[in-house]
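Notebook open, model loaded. I'm jotting down what I look up as I go.

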Amino acid sequence: MRSILATFLVIQFFNPTLQAALQPVAEAKANEATHFFVSLAYAVPFIGALAADWFFGKHKVILWVSILCCIGHLILSIFETDLDWFRFGLLLIAIGAGGIKSCVSANLGDQFTAKNQHLLSKVYGWFYFSINSGSALSTLMIPLVYTNWGPNWAFGIPGILMAISTTIFYLGRHTYVRIPPTGMKRDNFLFISIYALFNFYKKQPKQSLLDVAKEKFQPEKVEDIKGAWRVIGVFSFIPIFWAMWDQNLSEWVLQAAKMDRYFFGYELLPQQIQTVNPFFLLLLIPVFNYLVYPFFEKRGIKTTPLRRIGCGLVLMALCFTVIALIQTTIDGGGRPSIWWQVFAYFILAAAEVMVSITCLEYAYTQAPASMKSTMGAVWLLTVAAGNVFTALVNRSIAQGGFFASLHGATYYWFFIALLLCIIFVFFLVSPRIAEV
């Protein structure tokens with residue numbers, strides 16, 4: 001659905017007459033709406049994880065929010081000319097998708113026991129493969145459906161497929177292993193952190209949050225909090241990555257509409273270019289795991305998680321440099337080949353392998369056993385934070401605010417400059433972050 005969202009919002013609501021003078025503001029409004037939608041979809045998982053772990057269990061949360069997703073798509077397909085109802089449909093989908101993200105992979109792991117534990121890695125491999133296959137197929141097919149049969153079917157078909165999936169999930173309810181919710185425990189990460197924060201200002205000025213927590217809780221629990229905060233410290237550098245990465249599903253699509261899109265003799269729709277991203281991702285994962293990382297390891301250069309993350313951030317800067325140069329050509333009246341954007345997607349996929357997959361591993365290996373799920377939810381919050389920032393920048397542009405001057409290539413150069421500043425700080429701080 002996201003593959004057509006930005007272009008649909010421009011044409012349907014923000015600039016239906018396609019006036020050139022209104023296009024920059026219309027695109028900014030569409031980008032703002034798209035990024036706020038993404039930010040909500042990645043903020044809800046934290047709430048969904050707490051609801052599943054403390055109150056309802058994963059199975060019920062997945063089932064209920066899947067139904068919300070179906071209703072949301074129904075609303076999009078029916079009210080494609082009513083902006084208020086359309087936004088409400090997006091809200092339901094964001095809540096539904098967010099709730100699913102927090103529970104479905106953990107629910108998959110719950111199905112394995114000591115007897116079939118050896119199959120877990122293979123199943124998660126197929127799980128990841130199916131996600132990216134769905135992404136590739138949808139970015140190819142949904143734009144075609146939208147072009148040939150209109151928005152009703154383009155937004156409706158994902159809802160129909162979601163309804164089929166939800167039905168299959170419901171029919172298997174007696175087969176699944178269900179881990180019961182644990183309730184609100186006094187010694188969990190959130191409880192201790194909130195306690196320490198609320199009591200921090202009652203103590204001596206030189207006392208740290210950890211010192212406050214040590215006065216009330218067992219030492220091992222406080223060490224768990226320390227490990228969790230170390231992970232959060234690393235993750236604090238990641239929102240800028242997602243602020244830029246998710247633009248390939250909004251800003252880059254609008255850019256592609258202004259390019260020569262002939263690809264091996266076939267003219268692609270602007271929304272279809274995104275298909276190369278999951279393709280490159282599936283291609284590069286084994287390349288990095290079996291060629292790139294071992295190559296450096298054999299030469300005595302350890303590819304630690306923090307080094308991988310740093311290199312991934314540098315690749316993101318390089319990727320956006322390509323996009324900025326493309327936009328410079330467009331601003332000058334040119335119509336560059338879509339192959340340049342494909343090249344940017346290749347670099348983007350490499351950056352994703354080094355940052356996203358590495359951070360998922362880092363959240364699991366560095367977080368204490370009692371907080372691995374929580375750190376997974378915190379990881380998703382970095383996506384939400386990055387998209388909120390991009391949405392606010394685009395809102396400012398649309399309303400003639402502080403960032404109103406960020407049009408054309410200047411918009412991309414701004415993000416590159418911001419990322420370079422964050423990379424500089426990361427390289428200064430990362431050697432001081434201990435890895436266990």
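Are R2 and D246 buried or exposed? Both are buried, where buried means under 20% relative accessible area, exposed over 50% and partly exposed in between, with a 1.4 Å probe and protein chains only.

Ground rules before going further. This is a predicted model, with local features needing pLDDT of at least 70 and side-chain atom pairs counting only at pLDDT 80 or more, while totals for chains, interfaces and linings use all residues. Residues are numbered from 1 along each chain as its sequence is written, and side-chain values use heavy atoms, with hydrogens and water left out.

**Entry: salt bridges**

I went back to R2 and D246: their side chains meet in a salt bridge at 3.0 Å, N to O. The term needs a side-chain nitrogen of Lys or Arg within 4 Å of a carboxyl oxygen of Asp or Glu. R2 sits in helix 1 and D246 in the loop between helix 10 (239-245) and helix 11 (251-256), so this pair ties together parts that are 244 residues apart in sequence. Helices here are DSSP runs of H or I with at least four residues, strands are runs of E with at least two, and both are numbered from the N terminus.

Next I looked up D110 and K58, whose side chains form a salt bridge at 2.7 Å, N to O. This one links distant parts of the chain, with D110 in helix 4 (residues 83-110) and K58 in helix 3 (residues 58-78), 52 residues apart. K58 is buried because its relative accessible area is 13%.

R261 pairs with E267, the closest N and O atoms being 3.7 Å apart. R261 is buried at 10% relative accessibility, whereas E267 is partly exposed at 36%. I note that the structure holds five salt bridges.

**Entry: positive phi**

F264 counts as exposed because its relative accessibility is 68%.

L18 also has a positive phi of about 55 degrees without being a glycine. L18 lies in the loop between helix 1 (2-14) and helix 2 (23-56) and is exposed at 57% relative accessibility.

**Entry: helix 12**

I checked helix 12 (residues 276-298) for span: its 23 residues reach 31 Å from first C-alpha to last, close to the 33 Å expected at 1.5 Å a residue; the expected span is 1.5 Å times one less than the number of residues. Where does helix 12 bend? The bend is at F288, by about 50 degrees, taken as the angle between axes fitted to the seven residues ending there and the seven starting there. F288 is one of the buried residues of helix 12, which also include P278, L284 and Y293. Just after helix 12, G300 takes a positive phi of about 80 degrees.

**Entry: E27**

E27 is in helix 2 and is buried, with a relative accessible area of 12%. Leaving out residues up to four places away in sequence, E27 touches V10, L254 and K258, a contact being heavy atoms within 4.5 Å.

**Entry: whole chain**

Among contacts between residues at least 6 apart in sequence, 78% join residues at least 24 apart.
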